[in-house]
Amino acid sequence: MEYYIIHLPLEIPRELVYCSPVKIREGARVIVNLSSRLWTGICGKKTLPEEGKDISYKAVIEVLDTCPVLSQELMQLGYWMASYYHCSIGRALFAMLPSRLQPELEANVIWLAEEVPEQFLPLKKAIAASDNSNLKALRKELSSYPLYKRIEEAEEQGLIKLKRKLNHKDKPRTVNYIIRLQPPVAEDSLPLKQREAWERIKEEESSFPMSNISSTISYSAVKALVKKGFIKIEPRRFEPESPSFEGFSLLKQIELNNAQLQAIEDINKGFGTFNVNLLYGITGSGKTEVYMELIRRYLAADKTIIFLIPEIALTPQMVDRFQSNFGQILAIQHSQLTEKERLIQWQKIKSGDKRIVIGARSAVFAPLPDLGLIIVDEEHEGTYKQESAPRYQGRDLAIKRAQLQNAQVILGSATPALESWHNALTGKYQLQKIENRPLDYCLPNVQVIDLRDEYDQSLISPLLLEAIDKRLQRKEQVILFQNRRGYSSFMQCLKCGKLITCKNCEISMSYHRDREEMQCHYCGNTIPSPRKCPYCGSYSFAYGAPGTQKIEQNLKILFPEAKILRMDSDSARKRDTYKSMYNRMKNREVDILLGTQMISKGLDFPLVTLVGIVMADISLNLPDFRAAERTFQLLTQVAGRSGRRDKIGEVIIQTYNPEHYSIVSASQQNYILFATEELGYRKKLYYPPYYRLARILFQSPDLELLKKEAPSIHEAADKLHKQFPVPQLFLLGVTPAPFSKISSYYRYHLIFKAQTVTVLQSAIRQFNSTYHCPSNIHKQIDIDPNNLM
Ligand code: ADP
Ligand code: ZN
Ligand code: ZN
C-alpha cells in the first residue's frame with residue numbers, strides 16, 4: 001500500500017491521507033470519498049501511515065491521470081501560494097486549473113455511438129442495464145472499473161453525452177440583436193426621439209447586438225421602432241468577435257531606436273536565467289516593441305512566454321498587435337470562452353501547440369512547457385490582485401513562478417508600483433528606462449486649472465471649453481476623463497445635512513438621473529431617487545461631484561453638433577460595446593469620448609489631440625494609503641492618451657488641489673518626482689514598500705456580535721507584541737473598516753504592519769493559532785492587500 005496526501009478544493013484545517021494499491025504521481029487528479037460524498041482531488045506528497053494509531057485509511061477510488069495535470073513547478077507554486085496567502089493547498093491548486101477538470105461526479109450519461117471500443121464495453125453494458133444511468137450509481141455497480149477516467153475519454157471522443165448541471169458559463173451566450181428592416185414609411189414621419197434613434201441604428205451594421213446602442217438611445221424609442229416595423233429584435237448566439245486582424249497596419253516595419261535597443265540588450269544579458277527587470281518607459285515610449293523583440297528571441301530558443309495584461313477586454317489594440325505578430329501559436333485567454341473552450345485551450349497550451357499565452361492575472365498559471373519569459377505589462381495595476389480567495393497578486397506570483405522555473409521576468413510600466421520601484425532602486429530588480437517617445441512624437445503640453453477660481457462652478461472651465469471647441473473645428477478628437485459614473489456622487493439634504501445612504505453598506509449612494517434612481521456602487525442596491533428627504537422632509541438637495549452622465553448632459557448642451565460617446569461600466573457591460581467604441585473612435589465617428597478609468601488604458605488614436613480631466617481629485621479623497629499613488633497613475637495614463645503621433649497633444653487638468661504633489665508631478669509627467677515624495681511619506685508612516693502589510697477582516701451581519709468579540713481579538717493581537725515588539729510589528733485595530741458595512745455585512749479589521757515578511761507571516765500564524773474565531777463571524781486574511789478600505 002502507498003499513502004498520499006490528497007488536496008481537495010475546501011478550506012479544512014487538517015491533512016487528508018488516503019491509501020492506494022497503485023502508485024500515483026504528484027499532481028494527478030484522483031476521486032476520493034469524504035463524509036460520504038465523492039470529490040475530485042489532486043494527489044500531493046507521498047506519506048506514511050501514522051504509527052501507533054490504529055487508523056484505517058480510506059482508499060483512493062480512482063486515479064484520473066497517468067500524466068499529472070499539474071507539473072512539479074506548478075505544484076511547488078501551489079504549495080507556496082497556500083502558505084503565503086493562508087489558504088488551503090487544494091484551493092490554491094484548483095485555482096490553477098480550468099473548472100472542467102473537476103469532472104461532474106453525479107451527472108446522467110447517455111450512450112450515443114453505435115460502435116463500442118473494447119475498453120468501454122463494461123460501461124456501455126452498465127448503462128444499458130440501469131434505468132437512470134447516473135454516474136454515482138454506475139460507480140457502485142462497476143466497482144473495479146476506472147469509470148470517471150473512461151467517462152472523460154468517451155466524452156472527448158464524442159461517444160457519450162453527459163447531462164451536466166446547468167452552468168451559465170457553459171451555455172453559449174445569447175444576446176438580443178437589432179435587425180434593420182426596410183422602412184415601411186417615410187423616415188421624416190418619425191417623432192424626434194425615434195428619428196434620432198433610427199439615425200443611430202443606421203450607423204451600425206444591418207444587424208448588431210442591442211447593447212452597442214443601449215447607452216445612447218432609450219429602450220422606449222427602440223420599442224416604438226419595432227412597432228412601426230423599422231427594426232426587429234431577435235435573440236441570437238453571441239459570437240465573441242475574434243480580435244480583428246489588422247495585419248498590414250500593425251505589421252509595419254519599425255526600426256527600434258537606441259533607447260529601445262539598449263533596453264533589449266540589457267534585458268538580454270539575463271537571457272535564460274531567473275532575474276526581474278523593471279522596464280520603466282513613459283507612456284507611448286515603445287515598451288511593447290521591446291517585449292515583442294524579446295519574445296521573438298525566446299521563441300527562437302524554443303522557449304515559451306506568458307504575457308500578462310490587466311484586463312483583456314480593455315486592451316483590444318494590444319491583443320490585435322500580438323495576434324498579427326504571432327498568429328497561430330498565440331493563446332488568448334479571454335473571459336468570453338466557455339468552460340469547454342477553456343479546457344481545449346488549456347490542453348493546447350499544455351501540449352506545446354501554443355507557445356505564447358496572453359491573458360489577465362490567471363494566465364500566470366498557464367501550463368506552458370519550457371517557460372522562458374513572463375512579461376507583466378502595466379505591472380502597477382490593481383487588477384492583478386485577486387479579490388476573492390485565494391487572494392493572490394498575479395505580478396508577485398509571476399515572479400515566484402519564474403524563480404521556480406528559472407525564467408526571466410519583465411515588469412513594464414510608465415508609473416511603476418512603488419514596491420517595484422523600490423526594488424529597482426535597491427538593486428533587487430534591474431532597471432531599464434525609456435524616457436522619450438520614438439521619432440518626434442512629443443509629450444503633451446499640460447495645463448492645470450484651479451477649480452477654486454472658477455466662480456460659476458461649471459464643470460467645464462472656459463479654457464477647457466475653448467480647447468474642445470478648437471478641436472471640433474479642426475475635426476480632431478477629444479478624450480474627457482471623469483472617474484465617476486452616474487450623475488453625481490451623492491445627494492445631501494440641504495436642511496438637515498444627511499446623505500442618502502445605502503441600507504446595506506452605509507455608504508452614500510450615487511444619483512443616476514437617466515433612471516431617476518440612487519444606486520450603491522458597492523452592492524448594486526438601487527432605490528428610486530427621493531423627492532423629499534427621508535429624515536426631515538425637506539425638498540432641497542445638494543448634489544456631489546458630477547459623474548459621467550451629468551457631464552454628458554452638459555456637453556450635449558454646450559456642443560449640440562458634436563458626436564459624444566460615453567464609456568463607463570453603466571454603458572459598457574460587455575466587451576462588444578468596448579470594441580464598438582474602439583471602432584467608432586478609429587473610424588472618426590466620435591468627436592468627444594467621455595469616460596471613467598475604462599478609457600485610461602492602452603488606447604492609441606492618432607487624432608486625439610486633447611485630453612481633459614474634469615475633476616482630478618476624485619480618487620485623491622479616498623481614505624486609503626494608496627490614494628495619491630492611484631491618482632498619479634490614473635492622471636499620467638490618461639494624459640498619455642494625447643498626442644501620440646505627429647500632432648502635439650494638449651492636456652487640461654481641472655482640480656481643487658493644484659498644489660498636491662500627485663497632481664503637480666502628473667502634470668509634468670514626472671514619475672521620479674512623484675515617487676521620491678511619496679516614498680518619503682510611506683517611510684514615515686510605516687507603509688509599503690518599507691513595511692509589509694496584511695489585514696484580517698472580520699465580518700458579520702450582526703454588529704453587536706462584532707462589538708462583543710472585539711476585546712478578544714484585541715487581546716490575542718496584543719500578545720503578539722511580546723515576541724514582535726514595536727517597531728518590528730505595528731498593529732492597528734481592531735476597528736471598524738472605513739467602509740464599515742458592505743452588502744449587509746458589518747466589517748471590522750485588524751491591520752498588521754511588519755518590518756519583514758518573516759515577521760508578518762509568523763505573527764499571522766501565531767495570531768491564527770491563539771485566536772479562535774467564532775463560527776458566526778467570517779474571518780478573511782488578506783496578505784499584501786490592495787487597499788485598506
Ligand atoms: P508603450 O507600450 O510604451 O505605451 P507602444 O509600444 O505602444 O508604447 O508604442 C507607441 C507607439 O509608437 C506605437 O504606435 C508604436 O507602433 C510606435 N513606435 C514604437 N517604437 C517605435 C519606433 N522605434 N519607431 C517608430 N514608431 C515606434
Ligand atoms: Zn433632511
Ligand atoms: Zn450598498
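**Close-up views of a predicted model**

**View 1. His512 is buried in this predicted model.** His512 sits in strand S21 (helices, H or I of at least four residues, and strands, E of at least two, are DSSP runs numbered from the N terminus). Its side chain makes a polar contact with that of Gln549 at 3.5 Å (a pair of N or O atoms within 3.5 Å; within protein, one able to donate a hydrogen and the other to accept it, and residues adjacent in sequence count only if both atoms are side-chain atoms).

**View 2. Helix H16 has buried residues along one face.** In H16 (residues 548-558), Thr548, Gln549, Ile551, Glu552 and Leu555 are buried. Down the helix axis they fall within an arc of 160°, so they line one face (the arc is that of the directions from the helix axis to the C-beta atoms). These residues pack against strands S19 (477-481), S21 (510-512), S25 (564-567) and S26 (592-595) (contact means heavy atoms within 4.5 Å).

**View 3. Four strands form an open antiparallel sheet.** The order is S30-S31-S29-S32 (two strands pair if DSSP finds at least two bridges between them). Strands S30 (729-742) and S32 (778-783) stand at the edges with a single partner strand each, so one side of each lacks a neighbour in the sheet. Six bridges join S29 (residues 692-700) to S32, and Leu697 has Gln780 in S32 as its bridge partner.

**Notes.** Residues are numbered from 1 along each chain as its sequence is written, and chains are lettered from A and ligands numbered from 1 in the order in which they are written. Local features need pLDDT of at least 70, side-chain atom pairs count only at pLDDT 80 or more, totals for chains, interfaces and linings use all residues, and side-chain values use heavy atoms, leaving out hydrogens and water.

Terms used:
Buried < 20%, exposed > 50% of the residue type's maximum accessible area, 1.4 Å probe, protein only.
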